[in-house]
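Here are my notes for a colleague opening this structure for the first time.

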Amino acid sequence: MTALMDFLSTRRLQLATDSWQHVSATVQAVLLATLLSVAIGVAVYRSRSGSAVATGLAATPPERLALDVPSCPGWTVREGVVHTAGAHRWATAFLQAGPDSKERFIPDVSDAPDGDAVLGWYAGVNAALLDELRRHEPDEPARAFIGRTVAAFWMRRMTQEVSIHRWDL
């Protein structure tokens, strides 16, 4: 124990400096990642050309729908498409309800059709989300599962959702 205390006392300034630099670098990385994801989210959901990121899931080849998704054990590609549509409906409901809503939303995807038709259904759900997001300025007050926020939260959050699941599928 004495050796440890001697080590710490002789190196306390260096340990403090190293710790501060690590925390500082971590905070900077988190801030940068947040700012970039907001900027990307706004670009994806506010521009017509950027929306290709958001609509790409609807272009999934129908023959892939029954395949397993290795990065999501227990899911097929179809289940991933339906899950993502549920997230879109969730975001749409929060945005439509307004910033003062206290509702807790559970997305209903019980109308998801079987077979290849699920891709057209997803395209419709995604189009409804895009339309709703385009009705809001990024800094406009909105509500989310975390409480009061701004519309850019949903632009960022849905960009993350689609990006992750496009990679999965």
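1. Start with the contacts. Count those in the protein between residues at least 6 apart in sequence: 66% of them join residues at least 24 apart. Keep in mind that this is a predicted model.

2. Next, the parts list. The protein has six helices and two strands. Reading from the N terminus, the order is α-α-α-α-α-β-β-α. Of the 169 residues in the protein, 37% are buried.

3. Look at helix α4, residues 77–97. Its 21 residues reach 30 Å from the first C-alpha to the last. That is close to the 30 Å expected at 1.5 Å a residue. Helix α4 is mostly covered, with 15 of its 21 residues buried. Just after α4 comes G98, with a positive phi of about 90°.

4. Now the packing. Two packed helices are described by the angle between their axes and the distance between the axes. For α4 and helix α5 (residues 117–134), the angle is about 25° and the axes are 9 Å apart. Angles under 35 degrees count as roughly parallel, so α4 is roughly parallel to α5. Their crossing is left-handed. On the α4 side, the contact includes R78, V81, V82, A85, H88, R89, T92, L95 and Q96. On the α5 side, V118, W121, Y122, V125, L129, E132 and L133 are among the residues that take part.

5. An α-helix has 3.6 residues a turn, so residues three or four places apart point the same way.

6. Helix α5 has another partner, helix α6 (residues 151–168). These two pack at an angle of about 155°, with their axes 11 Å apart. Angles over 145 degrees count as roughly antiparallel, so α5 and α6 are roughly antiparallel to each other. The crossing of α5 and α6 is left-handed. Here α5 contributes Y122, L129 and L133 to the contact. From α6 come A151, W154, M155, M158 and V162. Check Y122, L129 and L133 in the α4 contact as well: they are listed there too.

7. Finally, the strands. How do β1 and β2 run? Strand β1 (residues 141–144) and strand β2 (residues 147–150) are antiparallel, and four bridges join them. They form a hairpin with two residues between the strands. A144 stands opposite G147 in β2.

Definitions and conventions: Residues are numbered from 1 along each chain as its sequence is written. This is a predicted model: local features need pLDDT of at least 70, side-chain atom pairs count only at pLDDT 80 or more; totals for chains, interfaces and linings use all residues. Side-chain values use heavy atoms; hydrogens and water are left out. The expected span of a helix is 1.5 Å times one less than its number of residues. Buried means under 20% relative accessible area, exposed over 50%, partly exposed in between (1.4 Å probe, protein chains only). Two strands pair if DSSP finds at least two bridges between them. Axes are lines fitted to C-alpha atoms, for helices over the stretch in contact, and angles run from 0 to 180 degrees between N-to-C directions. Angles under 35 degrees count as roughly parallel, over 145 as roughly antiparallel, 65 to 115 as roughly perpendicular and the rest as oblique. A crossing is left-handed if the near helix is turned anticlockwise from the far one by less than a right angle, and right-handed if clockwise. Contact means heavy atoms within 4.5 Å.
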